[in-house]
Amino acid sequence: MTDSRTLFAKAQELIPGGVNSPVRACLSVQSEPLFITRANGSRMWTVEGRELIDYVMSWGPMLLGHSHPAVVEAVHQAVDQGASFGAPCQAEIELAEMLVAALPGVDMVRMVNSGTEATMSALRLARGYTGRNKVLKFEGCYHGHSDAFLASAGSGVATLSIPGTPGVPEAVVADTLLAPYNDLDAVEALFRTHGDEIAAVIVEPVAGNMGMVLPQPGFLPTLRVLTQRHGALLIFDEVITGFRLTYGGAQNVFGIVPDLTCLGKIIGGGFPVGAYGGRREIMSRIAPCGDVYQAGTLSGNPVAMAAGVATLRELGKADYMDLTRRTKALAGELKSVLEERGVQVQLNCMASLFTLFFATDPVTDFASASKADAVTYASFFRQMRDAGVALAPSGFECAFTSFAHTDEDFEKTLDACRTVHF
Ligand code: PMP
C-alpha cells in the first residue's frame, strides 16, 4: 500500500511543488499534503485509510457535502449522454435561469470554467463597457490569478508572501489601484485622483482570502454610491459568497445590487465552473452580441452544468439559518477552548464561514490579518489534522462548514481541539 509521503515525493518530481495549486502543498504550516482517495458528506479518506472531518470542502464548492446523492446521480446521467459537445445544451439555460432568479444584480450570465476566468472576463467587460483601464481592488482580496489582480492579493499569494509576481508586467498592474479593505477614505482619495479613469471597483463583499473579514457597516453601500457617482462599475466577486451566505449572494444579504457579479465554486457543485453576470445592457457587450471577446472550449460543459443545477436545486431546499446558527456555535466554542489554552483568538464568522485568527486585535483588513501568529496557526493545523480534523493549510483562509456536517462532527472537532496544546 502506498502512502501520502511517497506519493508527494513522486508528485514533486513531476508537478511543481507536487501540487496543482500552491496552498495545497502545506508549506506555510510546515507540513505535507495528505493524498485523498475519497470523500463523502463531511468526511475525506486519505490513501492511508485515515478519516478526516473536512473544513476545507474543496475550498468552498461542497456546501452540500461531498458526493451528495442528488449531484452524483445528475452527473452520472449527464456523462452517460456525452462529456462535452461544444454546442449549446439545455442545462446551460437551466443553470442560467437559476442564477438570474437568485441574484438581483444578474439579468444575463456567461458560464466559464473557473473563478479566475470569471473575474478576468468581468474586468475585460468593465473596461470595454466604460472605455477606461483602471481597476480598484482591495489589499488581501483574491480574485484569481490573472495578471491584473495579482497586486497585493490574498490567498496563496499572501500565504507564500509573494510580493507581486514575476511574470506580471509592471504596465499591467500599473492600472490596478489598491486600497485597504474597509477603508473608505482611501477609496474616496483614489476616486478624487483617478475618478474618470476607473473602470471598476472589484470587491469580495465578505472577504474570504485573508481569512474571513466582514465588511463594516457603510463600506459596501458607499462603494455603490462612489462607483455610481464616478461612472465606474461595481463588481462583486461572489466566488466564495455566492450561494454560501444565503440562496443567492452577499448582494441579497446586504441589499446592494452590483453592476457585475462573479461566481464559481458552489454553482459547479465541485466541477470546474465559473460565471459572470450583470445588467443586460452591460452583458450585451459580450461577443457574439457585442464587441468584447471571451470564449471557452469547455464553457457550459453539460456535466458541470448538471452538477450545478442539481446543487442549486438542493440548496433551494436547505435551511441556511440553521447551518449559520450551528456554525456560529461551533466557532464560538472552538474560540473558548483555544482561549482556555492561553492563546488569544479573534473570531470572524458569518453563515457557514469562519476564521480563527491567532491575533490580539480585531481583524478588519489585510494589515490586521497579517498580524495573526502564523507559527501558532501552523501548530494548530498540524495537531488538528493528527486528531482527524482537516483545516485549511493556511491562516489566510476560511473554515467552511457544509449541510453535511453533523452535531457529532462538531463534537469530535471540539474534542480534537481540547487535545491541542501550544
Ligand atoms: N475569487 C475569489 C473570491 C476566490 O476565493 C477565488 C478562489 N479561491 C477566485 C476568485 C478564483 O477562483 P478559481 O480558483 O476557481 O480560479
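Here are some questions and answers about this predicted model.

Residues are numbered from 1 along each chain as its sequence is written. Because the model is predicted, local features need pLDDT of at least 70 and side-chain atom pairs count only at pLDDT 80 or more, while totals for chains, interfaces and linings use all residues.

Me: In what order do the seven strands of the open sheet run?
Reply: Strands here are DSSP runs (E, at least two residues), helices are runs of H or I with at least four, and both are numbered from the N terminus. Two strands pair if DSSP finds at least two bridges between them. The pairing in this sheet is mixed, and the order is β4-β10-β9-β8-β7-β5-β6.

Me: Which are the edge strands?
Reply: Look for strands that pair on one side only. Those are β4 (108-112) and β6 (176-180).

Me: How many residues of β7 are buried?
Reply: Buried takes 20 or more other C-beta atoms within 10 Å of a residue's own, with C-beta atoms placed from the backbone. β7 covers residues 198-203 and is mostly covered. The buried count is six of its six residues.

Me: In β8, what is the bridge partner of Val201?
Reply: β7 pairs in the parallel sense with β5 (residues 134-139) over three bridges, and Val201 is the partner of Leu136 there. β7 also pairs in the parallel sense with β8 (residues 233-237), over four bridges. In β8, the partner of Val201 is Leu234.

Me: Why does Val389 count as buried?
Reply: Val389 sits in strand β13 (residues 389-390). Val389 counts as buried because its C-beta neighbours inside 10 Å number 22.

Me: Which helix gives the largest share of the shell around the ligand?
Reply: The ligand is surrounded by 17 residues, and the closest are Ser114, Gly115, Thr116, Gly144 and Val239; near means a C-beta atom, placed from the backbone, within 6 Å. Three residues of the shell, the largest share, come from residues 115-130, which is helix α4.

Notes
Buried ≥ 20, exposed ≤ 12 C-beta atoms within 10 Å, placed from the backbone.
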